[in-house]
Amino acid sequence: FNSYVKKWVKEYPYFGFEILKTQTMKIGNQPCYLVDLAHRKQNKQLRQFVVVKKEFAVVMTCADEISKFKDTAVQCSDLVNNFQWTK
């Protein structure tokens, strides 16, 4: 899981993204990888969560203008903290 995510995270700079932070964590006892990104030319900041359970993966992405992202990050955390697998 970690090697897979780290491999494609290295590709973000080719698309103009600056990697601000990466972190491993757990959501509902499942491994999760958090990536914070910024694209300064487009004035966008993103936070991605990749959650894996068995052979399934979910990628959740929150995005907003850089100046507004602090508020968006709070809402994004609420979304991710309430995420539940249905099976």
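**Close-up views of a predicted protein chain**

Read along the sequence, the protein chain follows the pattern α-β-β-β-β-α. The model is predicted, so local features need pLDDT of at least 70 and side-chain atom pairs count only at pLDDT 80 or more, while totals for chains, interfaces and linings use all residues. Residues are numbered from 1 along each chain as its sequence is written, and side-chain values use heavy atoms, with hydrogens and water left out.

**View 1. Overall fold of the protein chain.** The chain contains 2 helices and 4 strands; these are DSSP runs numbered from the N terminus, with helices (H or I) of at least four residues and strands (E) of at least two. Its C-alpha trace spans about 40 × 30 × 15 Å along the principal axes. Of the 87 residues, 33% are buried (under 20% relative accessible area, with exposed over 50% and partly exposed in between, for a 1.4 Å probe and protein chains only).

**View 2. The loop between strands 2 and 3.** Asn43 lies in the loop that joins strand 2 (30-39) to strand 3 (44-53). Most residues other than glycine have a negative phi. Asn43, although not a glycine, has a positive phi of about 55°. This residue counts as partly exposed because its relative accessibility is 34%.

**View 3. The loop between strands 3 and 4.** Lys54 is located in the loop between strand 3 and strand 4 (56-65). Its phi is positive, at about 55°, although Lys54 is not a glycine. With a relative accessibility of 72%, Lys54 counts as exposed.

**View 4. The aromatic pair of Tyr12 and Phe17.** Rings of Phe, Tyr and Trp (its six-membered ring) pair if their centres lie within 6.5 Å; planes under 30 degrees apart count as stacked, over 60 as edge-to-face and the rest as tilted. By this rule the count comes to 2 aromatic pairs. Tyr12 and Phe17 form an edge-to-face pair, 5.8 Å centre to centre with 80° between the planes. Tyr12 counts as buried because its relative accessibility is 12%.

**View 5. The aromatic pair of Phe83 and Trp85.** Phe83 and Trp85 also form an edge-to-face pair, with 5.3 Å centre to centre and 80° between the planes. At 25% relative accessibility, Trp85 counts as partly exposed.
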